[in-house]
Amino acid sequence: MRKIGLAVILGAVLGAFDGLTAWFEPSVRDQIGTIVMLSSLKSVIAGLLIGIFACYVKKRVATAVFGLAIGLFLAYLVALQPDPATGEHFYAQIMVPGALVGLIVGYATARYGEKPAAQAA
Amino acid sequence: MSWLSDDALARLRSAASAPDLSGTRYRLLGEIGRGGMSTVFLVEDPSLGRRVALKVLDVPDGTEELAARLTREARVLARLEHPGIAPVHEVGRLPDGRVYYTMKFVEGPRLDSYAASAATLAERLRLFQRIGEAVAFAHDRGVLHRDLKPENVMVGPFGEVLVMDWGLAKLLDSPATHRAENVADAPGTESLGTPHTGHGAVLGTPGYMAPEQARGDVTCLDARTDVYALGAVLHYLLIGRVPAPLLAICRKAMAESPADRYPGALALNAEVARYLDGRRVEAYPEGLRRKSARLYARHKIAFWLIVTYLAVRGSILFFSGR
């Protein structure tokens, strides 16, 4: 539960931060609320899956790679939706940061989600 | 008339000093080591098909004092059932009246020879922590070792650590054991199997003995006496370029006054664990620069992942805005 909780919280925070960076893109600034919400939701789902994975797989690298893959996949689903105004797809702009957020959540869950040695003993 | 060669004489001496095990179930295989007043032999227990170590007094003891001390040593070991302490199997007497006890035969090098081969500092520190765990367990059972040193620690074939030679052990927990100790520590008594530093109550090994132990101040001995020796063992294990926090830990463990040392082996172990985990070592005050360096070393991967993310995100924003 510790790992799942940590992964979900990290996902929510990093997802929100990732969404907030859209503020620097003037063309989508008016949709910032929706972007932040969807980005957070995506990362919370990713965090949940990463947390469950981390509970069963104790290897740090495996959890980080799983996080990368989940982040990439969920970001791909988001990137499939074209810009309503231009019909353009932003695959790289969405998928690369999404994958990195997944990687960070995966690594951090495995690295910091472990019980301290004193409690584990 | 022909003279015996030195080799033949040595063999004769060895045969003469070999214990008569006819009244026991053991079969002599060889000698393992020799101490001040006792010798440890490798014997086989045919009933269980295993090899064990047999510690026996070198000479029959008319006063029974040494016999009582060897028996007491075995009893001390018997109360210390811990993976880091060699278990005692049996106490008995040989046909010539000498007291012996048998214990687990530990195959492997002593810590002093093993330390040179242990590859990394982290491995040596984890080894040290296992010594500390065994000593902390003994303290919890009211037993002080009083002769901790690399020569008294064995490293088994699977990396297991065993604290040996409890011949100078002191019992702490009851008035009865205190009385027994006062007799054992009286001037003129000998330690069992361990070199002593001279006549009187000063028992231990110079360099590893706490100041209060070196003074022969038996009433002042407590867990912090062994903490001093553990600090000396830790210092021994720090080969090459030693990180400053570890030196600070050694200094605190080996402080002149017991009050300035760690209160016990577990506290010392916890400090070593903090160092291994990249956390702040309490004995080592650190400034902002050192703290930053420590935090960076501890969270290096997370730091670079975040930097990479920010760089990628910044690049995307920069190039999409052009």
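This is a predicted model: local features need pLDDT of at least 70, side-chain atom pairs count only at pLDDT 80 or more; totals for chains, interfaces and linings use all residues.
Residues are numbered from 1 along each chain as its sequence is written, while chains are lettered from A and ligands numbered from 1 in the order in which they are written.

User: Which elements follow one another in chain A from the N terminus on?
Analyst: Helices (H or I, at least four residues) and strands (E, at least two) are DSSP runs, numbered from the N terminus. Chain A has 5 helices and 0 strands. Its C-alpha atoms fill a box of roughly 55 × 20 × 15 Å along the principal axes. From the N terminus on, the order is α-α-α-α-α.

User: What percentage of the residues in chain A is buried?
Analyst: A residue is buried if 20 or more other C-beta atoms lie within 10 Å of its own, exposed if 12 or fewer, and partly exposed in between, with C-beta atoms placed from the backbone. Chain A has 121 residues, and the buried share is 40%.

User: Are helix 1 and helix 2 of chain A roughly parallel or roughly antiparallel?
Analyst: Axes are lines fitted to C-alpha atoms, for helices over the stretch in contact, and angles run from 0 to 180 degrees between N-to-C directions. Angles under 35 degrees count as roughly parallel, over 145 as roughly antiparallel, 65 to 115 as roughly perpendicular and the rest as oblique. The axes of helix 1 (residues 2–20) and helix 2 (residues 32–56) of chain A come within 7 Å and cross at roughly 155 degrees. Therefore helix 1 of chain A is, relative to helix 2 of chain A, roughly antiparallel.

User: What is the handedness of the crossing of helix 4 and helix 9 of chain B?
Analyst: Helix 4 (residues 121–140) and helix 9 (residues 265–276) of chain B pack at an angle of about 160 degrees, their axes being 8 Å apart. This angle makes the two helices of chain B roughly antiparallel. A crossing is left-handed if the near helix is turned anticlockwise from the far one by less than a right angle, and right-handed if clockwise. The crossing of helix 4 of chain B with helix 9 of chain B is left-handed.

User: How many nonpolar residues does the contact of helix 4 with helix 9 of chain B have?
Analyst: Residues are in contact if their C-beta atoms, placed from the backbone, lie within 7 Å. Among the residues that meet are B:Leu125 and B:Phe128 in helix 4 and B:Leu268 and B:Val272 in helix 9 of chain B. Ala, Val, Leu, Ile, Met, Phe, Trp, Tyr, Cys and Pro count as nonpolar, Asp, Glu, Lys and Arg as charged, and the others, Gly among them, as polar. Beside 4 polar and 1 charged residues, the nonpolar ones number 11.

User: Which residue in the turn between strand 2 and strand 3 of chain B has a positive phi?
Analyst: Strand 2 and strand 3 of chain B run antiparallel and are joined by 8 bridges, with B:Ser38 opposite B:Leu57 in strand 3. The two strands form a hairpin with 4 residues between them, and the phi of about 65 degrees belongs to B:Gly49.

User: Which residue in strand 5 of chain B stands opposite B:Leu54?
Analyst: Strand 3 of chain B is mostly covered, 6 of its 8 residues being buried. It is joined to strand 5 of chain B by 5 bridges in the antiparallel sense. Opposite B:Leu54 stands B:Thr102.

User: Which element gives the most to the side of chain A that touches chain B?
Analyst: In the contact between the chains, 14 residues of chain A meet 12 residues of chain B. With 10 residues, the element that gives the most to the side of chain A is helix 4 (residues 91–112) of chain A.

Methods
Two residues are in contact if their C-beta atoms, placed from the backbone, lie within 7 Å. Two strands pair if DSSP finds at least two bridges between them.
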